[in-house]
Amino acid sequence: MAHRYTVRLDDNNCLEVTNSTSSILVYRIPYEKIKDRTHGLEIQNRFIVYILHGKNLNGKDYLYVGKSKNGIDYRPVSHEDKYRDWDDCYILTTFKERTFLNDGTIQYIEDAIKQRIDSLDRFIDTTNVTNVGTANSAEEEDCDDYLEPKSAVCSTTTM
């Protein structure tokens, strides 16, 4: 069964994917704007999962997967020891179901994303260790559903 989603890209480089019961927000922010705190974004949910991305001179992708329960201003920039030339920071969060993301679920999602990245064996993953965290079994099921690729019927809008 196909799910019906709306995909919207706004002026802040935020991709919003919504259906009748949930939303996924993915922001792509230049790393320098995160570092300098000049991104100008007010992300409603303080619980986020983020991926730092950079390329070396040979075109190899470097990634770091992390989480924060205090938003975007401090945690993503604490990883310059992992790689010096980060280009972008991708922020994954939600809007409608603000209570879905909590400390346990962001740990679980962080770990699931890291495992998927590692299974592709095409990136240099600078993330040392993640763990599944303290999510309970119901939250883990919700996370698995949240991360599961689905066939969809999409309509697209831009702002």
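Visitor: Is C89 buried or exposed?
Guide: The model is predicted: local features need pLDDT of at least 70, side-chain atom pairs count only at pLDDT 80 or more, and totals for chains, interfaces and linings use all residues. Residues are numbered from 1 along each chain as its sequence is written, and side-chain values use heavy atoms, leaving out hydrogens and water. Buried means under 20% relative accessible area, exposed over 50%, partly exposed in between (1.4 Å probe, protein chains only). C89 has 0% relative accessibility, so it counts as buried.

Visitor: How many disulfides does a search of the whole structure find?
Guide: A disulfide is a covalent bond between the sulfur atoms of two cysteines. The test is a pair of cysteine sulfur atoms within 2.5 Å. Over the whole structure, the search finds zero.

Visitor: Which residues does T105 contact, leaving aside neighbours within four places in sequence?
Guide: T105 sits in helix 2 (residues 103-120); helices are DSSP runs (H or I, at least four residues) and strands likewise (E, at least two), numbered from the N terminus. T105 is at 0% relative accessibility and therefore counts as buried. Contact means heavy atoms within 4.5 Å. With those neighbours left aside, the partners are F100, A135, E139 and C143.

Visitor: How many residues does the largest nonpolar core have?
Guide: A nonpolar core is a set of buried Ala, Val, Leu, Ile, Met, Phe, Trp, Tyr and Cys residues joined through side-chain atoms within 4.5 Å. Among those with the most contacts inside the largest one are Y27, W86 and I72. Its size is 18 residues.
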